[in-house]
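Colleague: I'm just starting out with protein structures. Could you take me through one part up close, in plain words?

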Amino acid sequence: MNLSTQLQIGGKLLNANLKQAWRDKTNWITAGMFAVTALLLYSFAFNLTTGLVRNLLPGVIWTVFLFSGIFATGQSFQHDRQNGILDALKISPIHPMTIYIAKTLANILMLLLIEFALLLGATILFSEPLFTPQLLLIVTIGTIGYTALSTLLSAINLDQNNGGLLLPVLALPLLVPLLIASVEATSASLQQEAGTAPWILLLSLFTIWSTAIATLMFPLAD
Amino acid sequence: MQDLAIETNCLTRRYDGLPALNKVSIQIASGSRIALLGNNGSGKTTLLTILSTLLQSSGGSARILGYDVAKKTTALRNIIGVIRHQPMLYENFSPIEDLELFAKIYQVPDSDERIKKLLTSVEIWHLRDEMIGTFSRGQKQRLMIAKSLLHKPKVLLLDEPEIGLDQDGLRVLDQLILMNAEEGSTPVTVLAATHREERVDTWATGFVRLERGQIIETTLSKDNL
């Protein structure tokens, strides 16, 4: 099967994953509700008049994004395994990397939808300009990086009875460098510092590394 | 000597050191329909799972129409059709959506016609737009029969295909798969695990009986070598 055919099939599979996620909203509604609740609580907890909120926002944003992502993607392969779909795909002529990329892309698109909505909400709640092109770029790059890893991990620990518990434990140490870069890039962007570019570059490198490693590792994940 | 469709040589699979399949060697000729018999835990599912490329063996080798199962090649996967214990279906898709996706994956020509023909043959064409999650076990199994035949496989690996089927469903199964009677089809090789031993005589050309991962009885030596 040539690359062009794999891409066409990958497109169909991506579409199927998005359709599946849209119809079975459980994980995404849980993730969305967690994110909205967390953001609301933070907005009430911080004293918005002191001006210090800008220093805290990068940590707040990425904590909310990270745990929403884990809620949303942590079991992304679990439903496919339970329904036997993962087996059906594995015995088909489709390349395992295509299966992984289609699932990861679907997760990224759904997460970005939630995150961009949250940034809009946070802009209003915290009275800070969070919906800027630079911040959207940082969020997109960071989301690609951590979704690539968390989607891989959701495939690896499926067979464990306590897989849901294992995911955050396994994922967090791997995600730390990426999250540090995301928080620093976000912080630099919010402070309108000149040094944003190196953090975005570092974040991009971590994202490329994690995406490449996860894509190559997926065929060995079972 | 006829062409061999399935050939295993000392095929072994261990779980935590214990053999689920112990040096199983079988040779099945093309076009044969072989029943895989045995009690629970005898190794039937393990054998079929290895042949389906979903499980790595711990030792020995297996070939399907000359393709090494361990290499999991695209060519091999294009020629096998599989039914497992568990239906392999998108629960929140309709049969049409599920089959269209897999028709694309297997690059089935004239897929719309093929899907319509198969869903009509398994008598669930009227359910084509319903969500699979609302189906009974028997309806899902009928859909799995259609799905396993979608790409016109040359070898069918079936793990208890009778599960959930009523008398009409069993007739459909016999017509389409076990008797190789799909209209215009060339005979396929069937290896099917079953507990319905009373039905074996109606469709099988031979059998292999496993116990604790080993062959204890078989008819393969004469007709299928």
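Modeller: Let's look at the sheet in chain B and what sits around it. Keep in mind that this is a predicted model.

Start with the strands: an open sheet is built from 6 of them in chain B, in the order β6-β7-β8-β3-β9-β10, and the pairing is mixed. Pairing in general works through backbone hydrogen bonds, and it can be parallel or antiparallel. At the edges you'll find β6 (80–83) and β10 (214–218) of chain B; each has a single partner strand, so one side of each has no neighbour in the sheet. On average, neighbouring strands are turned by 20° against each other, ignoring direction.

Now zoom in on one pair. Strand β3 (residues 33–37) and strand β8 (residues 189–193), both of chain B, run in the parallel sense and share 4 bridges. If you want to spot one, R33(B) has V190(B) in β8(B) as its bridge partner.

Next come the helices. Helix α1 (residues 44–51) of chain B lies across β3, β7 (155–159), β8 and β9 (206–211) of chain B, at about 145° to β7(B). Helix α5 (residues 137–149) of chain B lies across β6 and β7 of that chain, running at about 165° to β6(B).

Finally, the nonpolar side of things. The largest nonpolar core has 131 residues, and among those with the most contacts inside it are I34(B), L36(B), L51(B), L157(B) and I145(B). Its largest share, 13 residues, comes from helix α6 (residues 96–126) of chain A. As for I145(B), its contacts beyond four places away in sequence are I83(B), V122(B), V172(B), L173(B), L176(B) and I177(B).

Note on methods. Residues numbered from 1 in each chain as written. Chains lettered and ligands numbered in written order. Predicted model: local features only at pLDDT ≥ 70, side-chain atom pairs only at ≥ 80, totals over all residues. Core = buried A, V, L, I, M, F, W, Y, C linked by C-beta atoms within 7 Å. Buried ≥ 20, exposed ≤ 12 C-beta atoms within 10 Å, placed from the backbone. Helix = DSSP H or I, 4+ residues; strand = E, 2+ residues; numbered from the N terminus. Contact = placed C-beta atoms within 7 Å. Pairing = 2+ DSSP bridges. Axes fitted to C-alpha atoms, helices over the stretch in contact; angles between N-to-C directions.
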